[in-house]
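Biologist: I've got a new protein model open and I'd like to learn how to read it. Could you take me through it one feature at a time?

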Amino acid sequence: MFSSMMKVHRVDAGREPLAACLEYDPADPFAVKVTFQSVRGATEWTLSRDVLNAGMDEEAGLGDVRIAPVPGRPGLLLLGLSSPEGDAIIEMQAEGLALFLEQTYAMVPAGAEVVDVDAALTAILA
């Protein structure tokens, strides 16, 4: 497992500072878990590694998770999250996310992702 901390801001809440812990587990190669920590507590999301990577260059994602570069502000990304509990728009440095993703692709290259279906089904049915 590989993890990295980033400082980010929730821009839809007056630039509220957040700590974001990104985690990657090669056993779940398509997913990146992100835990956002604020003064009110922690919120965890599971995001697609491929969507995060695509969002480095252009708008990516559908539905509850979207990511895109900030127009006119090189080096910044906006991550939009939506759930029944509410919505959030997170601003982050592209460089930090790029370094994290680079490490994940060094661990499991794109196209080499393998999921143990039997183990996943056992976990779901347990």
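Biologist: Let's start with salt bridges. Which residue forms a salt bridge with E16?

Modeller: A salt bridge is a side-chain nitrogen of Lys or Arg within 4 Å of a carboxyl oxygen of Asp or Glu. Here E16 pairs with R40, and their closest N and O atoms are 2.8 Å apart. The two sit in distant parts of the chain: E16 is in strand β2, while R40 is in the loop between β3 (31–38) and β4 (41–48), 24 residues apart. Helices (H or I, at least four residues) and strands (E, at least two) are DSSP runs, numbered from the N terminus.

Biologist: And what should I keep in mind about where this model comes from?

Modeller: The model is predicted, so local features need pLDDT of at least 70 and side-chain atom pairs count only at pLDDT 80 or more, while totals for chains, interfaces and linings use all residues. Residues are numbered from 1 along each chain as its sequence is written, and side-chain values use heavy atoms, with hydrogens and water left out.

Biologist: Is E16 buried or exposed?

Modeller: Buried means under 20% relative accessible area, exposed over 50%, and partly exposed in between (1.4 Å probe, protein chains only). E16 has a relative accessible area of 13%, so it is buried.

Biologist: How many salt bridges does the structure hold?

Modeller: Six. One of them joins the side chains of E91 and R15, at 2.8 Å from N to O. That pair also links distant parts of the chain, with E91 in strand β7 (residues 86–93) and R15 in the loop between β1 (2–10) and β2 (16–24), 76 residues apart. E91 counts as buried because its relative accessibility is 7%, and R15 counts as partly exposed because its value is 40%.

Biologist: What does E113 pair up with?

Modeller: E113 forms a salt bridge with R49, and the closest N and O atoms are 2.9 Å apart. R49 belongs to helix α1, whereas E113 lies in the loop between α2 (94–107) and α3 (117–125), 64 residues apart. Both R49 and E113 are buried. As for networks, salt bridges that share partners join R15, R73 and E91 into one.

Biologist: Which backbone oxygen lies 2.9 Å from a polar atom of the R49 side chain?

Modeller: That of V108. For polar contacts, look for a pair of N or O atoms within 3.5 Å; within protein, one must be able to donate a hydrogen and the other to accept it, and residues adjacent in sequence count only if both atoms are side-chain atoms. The side chains of R49 and E113 are joined by a polar contact of 2.9 Å.

Biologist: What else does R49 touch?

Modeller: Contact means heavy atoms within 4.5 Å. Leaving out residues up to four places away in sequence, R49 touches several residues, including Y24, F30, L101 and Y105. R49 is buried because its relative accessible area is 0%.

Biologist: Which residues does L52 touch?

Modeller: Not counting residues up to four places away in sequence, L52 touches V32, L47, I67, L97 and L101. L52 is found in helix α1, and at 3% relative accessibility it counts as buried.

Biologist: Last one: which element has the lowest mean pLDDT?

Modeller: pLDDT is the predictor's confidence in each residue, from 0 to 100. Among the elements, α3 has the lowest mean, 73, and strand β5 (residues 65–69) the highest, 98. The protein's mean is 92, and 97% of its residues reach 70 or more. Where pLDDT is low, the predicted coordinates should not be read in detail.
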